[in-house]
Amino acid sequence: MYSIIQLFIRHGGLLTLVVLEVLCFFLITSYNDPQRQISSASWLKYSGTVLNWKSGWLDYLSLKDENIRLRVENARLQTQIANSRLIEVPFQDTLVRKVLADTLEQKVIRPEYVLVGARVISNTIGARDNWMIINRGKLDGVRPNSGVITRSGVAGVVRQVSSHFALVMSVLHHQTKVSAALKGHDYFGSLVWEGGNPQYMSLSDIPYHVPVQPKDTVVVSNYSLLFPEGHLAGIVDTAYRMAGSNFLYIRVKLSQNPANIGDVYVVTNRYAEQINQLQQAVKHE
Amino acid sequence: MNSSYFLPNFWRFAGLVAAQAIILSEVALTAEGYCNILLYPLFILFLPIQIPTPAAVSLGFLVGLAVDIFSGHLGVNASAGALSGYARAAILHRFAPRGGFTGKEIIPSPANFGWRWFLGVAAIFYAIHVFWYFSMAYFAPVYLLEKILPQAILGWILSMLVVIIYTRLFHPKV
């Protein structure tokens with residue numbers, strides 16, 4: 001309080017002037033038409049500039065948050081895309097439940113996949129068996145034996161999880177088998193890496209009579225428990241019948257180059273356990 | 001402020017506002033801004049030298065507001081008056097005689113300090129007042145060269161002439 005009085009004693013004239021000039025400014029712009037028009041036009045112009053400037057800075061400061069939000073949004077949309085392929089399953093399928101809402105018949109799709117966005121923080125491509133580490137773990141809902149995909153292709157399979165990280169077996173690993181199919185044909189086979197060029201894998205078990213052409217699309221088959229059905233895997237590079245074999249040798253160029261994987265999604269199939277149990281039952285029968 | 005200073009200042013206030021509102025504002029209206037004689041700032045200039053700056057600023061605001069109420073441009077003269085009240089203190093400080101003001105001379109008039117000193121002070125004081133007045137009257141920088149400066153220079157010359165006539169006539173000491 002004392003310092004305020006001191007301030008007034010020292011700068012009282014200036015303070016009075018500022019207060020009265022502000023009052024005058026208000027009077028001038030309220031009671032005189034030309035000045036009011038000038039001030040409102042200027043206010044619009046400059047407040048617009050200032051607001052633009054301010055929102056630009058705020059946008060810049062929130063880029064990091066925005067990035068996280070976009071990744072979450074991407075994971076959500078990818079989940080929708082993965083689950084939307086199920087819409088084509090006929091009504092008798094167990095995945096579809098019929099619900100009568102009033103008089104309208106509605107199909108309700110049970111979502112099959114849950115996707116979690118993650119970032120690759122370590123990746124190898126040069127070894128015989130390659131691994132990645134991603135920055136999502138047990139606490140984020142990542143479980144072992146979940147598929148890992150990117151927007152444009154397949155990346156690997158989760159093998160081990162810690163609380164916050166997960167070890168992913170890359171597609172460039174001799175144990176990784178992706179159940180894949182040729183788009184447009186119902187035949188399916190296994191996509192495996194034979195070593196060598198990290199951009200190419202081979203698709204086995206396609207009978208020789210299937211008319212496979214280069215540039216044909218290879219997608220994840222409906223038998224896959226790891227990856228969402230229909231997700232892009234690669235395109236056919238070369239295909240020929242091996243001597244003395246009933247199957248084609250198909251070289252597939254991966255649509256996602258394993259050398260530059262950044263953002264990935266961990267795919268959890270909610271029914272994988274049920275299906276696995278049934279598959280175990282087959283062995284016991 | 002000593003009560004003996006009150007009456008002369010009160011009459012100056014009333015007289016100058018009346019002259020400004022009744023005669024000079026009418027003249028200004030007919031000449032579309034090119035014959036704008038501002039006499040009322042003399043009240044601010046002839047306030048006692050020892051008056052505190054906040055009081056000078058407030059009185060400047062009040063005399064301007066009084067003129068505004070009669071002329072119908074609320075705020076324009078008041079703004080210029082408040083600024084003049086502040087500028088006056090700075091000018092008087094700059095023009096203070098060697099050793100400062102003694103308190104014997106009550107107002108900064110030619111009767112107390114001579115014509116040469118008074119004209120210097122009044123010229124600067126009026127230049128600031130008139131420029132600010134026209135700036136507030138036009139209110140946009142785009143008018144600066146086209147309207148504000150020419151009218152301010154003309155208004156300053158005419159006002160200074162009237163100020164000299166007024167001061168010669170009344171020759172105020174207090």
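I take helices and strands as DSSP runs, a helix having at least four residues and a strand at least two, numbered from the N terminus. I note at the outset that this is a predicted model.

**Chain A overall**

Counting on that basis, I find 4 helices and 14 strands in chain A. I then looked up burial, and of the 285 residues of chain A, 30% count as buried. For the range of the contacts I kept to pairs in chain A with a separation of 6 or more, and there I read that residues 24 or more positions apart account for 57% of them.

**Strand β5 of chain A**

On one pairing, β5(A) runs antiparallel to β6(A), residues 153-161, over 4 bridges, and a hairpin through 2 residues joins β5(A) to β6(A). On another, β5(A) is joined by 3 bridges to β14(A), residues 263-269, again in the antiparallel sense. I followed G147(A) through both pairings: its bridge partner in β6(A) is V157(A), and in β14(A) the bridge partner of G147(A) is V267(A).

**Where chain A touches chain B**

I turned to the contact between the chains, which takes 14 residues from chain A and 19 residues from chain B. On the chain A side, α1 (2-31) and α2 (33-61) each supply at least two residues, and I see that α1(A) gives the most, with 10 residues. By residue class, this side of chain A divides into 8 nonpolar, 5 polar and 1 charged.

**Nonpolar cores**

Which residues touch the most other members of the largest nonpolar core? I find Y40(B), A82(B), L83(B), Y133(B) and M136(B), in a core of 52 residues. The elements that give two or more residues to this core are α1 of chain A together with α1 (6-30), α2 (41-45), α3 (53-71), α4 (76-94), α6 (115-138) and α7 (144-170) of chain B, and α6(B) gives the most, with 12 residues.

Notes: Residues are numbered from 1 along each chain as its sequence is written. Chains are lettered from A and ligands numbered from 1 in the order in which they are written. This is a predicted model: local features need pLDDT of at least 70, side-chain atom pairs count only at pLDDT 80 or more; totals for chains, interfaces and linings use all residues. A residue is buried if 20 or more other C-beta atoms lie within 10 Å of its own, exposed if 12 or fewer, and partly exposed in between; C-beta atoms are placed from the backbone. Two residues are in contact if their C-beta atoms, placed from the backbone, lie within 7 Å. Ala, Val, Leu, Ile, Met, Phe, Trp, Tyr, Cys and Pro count as nonpolar, Asp, Glu, Lys and Arg as charged, and the others, Gly among them, as polar. Two strands pair if DSSP finds at least two bridges between them. A nonpolar core is a set of buried Ala, Val, Leu, Ile, Met, Phe, Trp, Tyr and Cys residues joined through C-beta atoms within 7 Å.
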